[in-house]
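Here are some notes to read alongside the model.

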Amino acid sequence: MKKTYDIVIVGSGIGGLSTLLYLAETALFKQGKLSICLMSKGKLNETNTNWAQGGIAAVNAIGDNFDKHIQDTLTAGAFTNNQYIVEKVVKGGPQFLSDLISWGAQFDKNKNGGYDLAKEGGHSDARIWHKEDQTGKAIQDALIDSLSILPNLTILDHTCVVNAIKYADHSFGLGVYDSNNDSFLNIFCNKLVLATGGLGMLYQKSTNQLLATGDGIYLASKLGATIENLSFIQFHPTGLYENNQISFLISEALRGAGAILRNEQGEAFMYKYDERLDLAPRDIVSRAIVKEIGLQQNPFVYLDATKINSEILDMHFPTIKQECMLRIGLNIEKEFIPIVPVQHYSCGGVKVDEFGETSISGLFAIGETACTGLHGANRLASNSLLEAVAFAKFSIPKLTELMEAPMMIEVDIVLPILNNIHKLDVQQIMSKQAGIVKSKQGLKEAYEQLCNIKNSAVQNSNFDIEHFEANCILEVALLLIQDAQKQISNKGVFYNSDLVN
Ligand SMILES: Cc1cc2nc3c(=O)[nH]c(=O)nc-3n(C[C@H](O)[C@H](O)[C@H](O)COP(=O)(O)OP(=O)(O)OC[C@H]3O[C@@H](n4cnc5c(N)ncnc54)[C@H](O)[C@@H]3O)c2cc1C
């Protein structure tokens, strides 16, 4: 089966859905001159967006200003950010929030009727818009609901892009696997938007959805797009210590409300590492925890929320409270929470310009899969949801220009040849050698081991998603290690113990 669209958006998180909703506001769409298809690998709400807890950063409070948000973003990013992009995104913040609200997203208000803005690690002021501790879900649900009133959209769930090629006329052909009925189709488009999210499944422990296998980075690199800063992986300092690949995230906002990190002796330790204490940026807190774990018996440290008023816990952290009880039977009002740093966010990705376009004309990357320059070497908390909406909006002028009918190539787009690779093999290597603290020897060994897996893998005769994803994570892991080996200094989240700062 073959289908053709002006624009195909791959991904149903905040990046993909905001792009779609901004497109729906254009005259072209309103005149019925724009055909759009959006697809997602799983259910529409099976996204990292849906799991975002803390919120979305934008200046609104009295006393706060754009310069402070800009400075905080640059400081977290170790001043390796693209300053022009930082200013463009931060200054657009209030408008992006207003766009989300116009699409139905709701944020908590205070007793005076104003927005109840929270403060998170690395932020010098309260500017985090949130909906309890389920902000992502509130945004995701609102954006999905907004689709129902839009005409002429094709929305395909459980539909996975497994191959992409670019034709001489600049249009794209996609090989797509429909797991609803175990079939394949070819889709053609003028412009292709990759909003496929993160790559958490490269690691053994992550806060990400199982679907986060770096597909967009894999597809873009196959098309020849520039990939940048892939080794800038943010580890969240406070993943709940439990026996699962997906770690439940204990939001920074809990530390913002007064929770304190303690070692196994119950001693607060952040004073040894940073004057901002428990609210230091994530890379500093993660490395401090790794250091403390190295000095003690337990493979985890504690987060102490027992001094926080129970009304505040109930009002702002109901999910964290409930999940700790459900998962490990722990009452956060009375007991310390065992936590460990886990893979959380990819600061790098497919390099894009200020309109979200990659080095391949007509190919766009939006959201976590992109490297926009906003984060530099480290993402400031709650700047990623903001970045996704911002670049969705910035992309519209280029995305809608020169709309010509894509050519319908009468050949099937071949499926990728998959190797029989197991995700766990890749994840173990990455977690051991390419985690929070790297070394030259570790990276060399990891690269060799990954190449061995690739070279000795036998071909898999039947196509299946599991092996497609395993191939994706292997290829993306190789790119990540190559990027790590190119780094000549430690900055932000990147730390190689053999490099002099
Ligand atoms: C637990 C957690 C908490 C977080 N909290 C915050 C927070 O408080 N504030 C903040 O700013 N950020 C937070 N983040 C980060 C933020 O949620 C993500 O960076 C952001 O939601 C990514 O949005 P996205 O649209 O790029 O990708 P996602 O929301 O992950 O969506 C990816 C989409 O791509 C689809 N997809 C992937 N591959 C394919 C394929 N091959 N074919 C078809 N579809 C495909 C998926 O099905 C999915 O629909 C958090 C992340 C996690 C995991």
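1. First, some terms for the strands. Two strands pair if DSSP finds at least two bridges between them. Helices (H or I, at least four residues) and strands (E, at least two) are DSSP runs, numbered from the N terminus. With that in hand, look at the hairpin that strand 7 and strand 8 form, with four residues between them. In its turn, Asp 182 has a positive phi of about 50°.

2. A word on what you're looking at. This is a predicted model, where local features need pLDDT of at least 70, side-chain atom pairs count only at pLDDT 80 or more, and totals for chains, interfaces and linings use all residues. Residues are numbered from 1 along each chain as its sequence is written.

3. Strand 7 (residues 172–178) runs antiparallel to strand 8 (residues 183–194), and seven bridges join them. If you want a pair to click on, Val 176 sits opposite Leu 185 in strand 8. Strand 8 also pairs with strand 15 (residues 363–365), this time in the parallel sense and over three bridges. There, Leu 192 has Leu 363 of strand 15 as its bridge partner.

4. Another set of strands is worth a look. Strand 11 (residues 260–262) pairs with strand 12 (residues 301–304) in the antiparallel sense, over three bridges, and Arg 262 faces Tyr 302 of strand 12. Strand 12 is in turn joined by three bridges to strand 13 (residues 337–346), again antiparallel. Val 301 has its bridge partner, Ile 339, in strand 13.

5. Now the ligand. Which residues come nearest to it? Of the 43 around it, those are Gly 11, Gly 13, Gly 15, Gly 197 and Gly 367. (A residue counts as near if its C-beta atom, placed from the backbone, lies within 6 Å.) Helix 1 (14–24), helix 5 (135–147), strand 6 (159–166) and helix 11 (383–399) each give the shell at least two residues. Helix 11 has the largest share, with four.

6. What is the shell made of, by class? It has 14 nonpolar, 25 polar and four charged residues. Here Ala, Val, Leu, Ile, Met, Phe, Trp, Tyr, Cys and Pro count as nonpolar, Asp, Glu, Lys and Arg as charged, and the others, Gly among them, as polar.

7. Asn 82 is partly exposed because 17 other C-beta atoms lie within 10 Å; buried takes 20 or more, exposed 12 or fewer, with C-beta atoms placed from the backbone. Asn 82 and Gly 373 are 291 residues apart in sequence, yet 4.7 Å apart in space, C-alpha to C-alpha.

8. On domains, the bounds come from an automatic or database domain assignment: domain 1 (2–232 + 347–399), domain 2 (239–341) and domain 3 (423–486). The C-alpha centres of domain 1 and domain 2 are 28 Å apart. Between them, 18 residues of domain 1 are in contact with 20 residues of domain 2 (contact is C-beta atoms, placed from the backbone, within 7 Å).

9. Last, the whole chain. Buried residues make up 52% of its 501 residues. The C-alpha atoms fill a box of roughly 70 × 60 × 40 Å, taken along the principal axes.

Conventions: Two residues are in contact if their C-beta atoms, placed from the backbone, lie within 7 Å.
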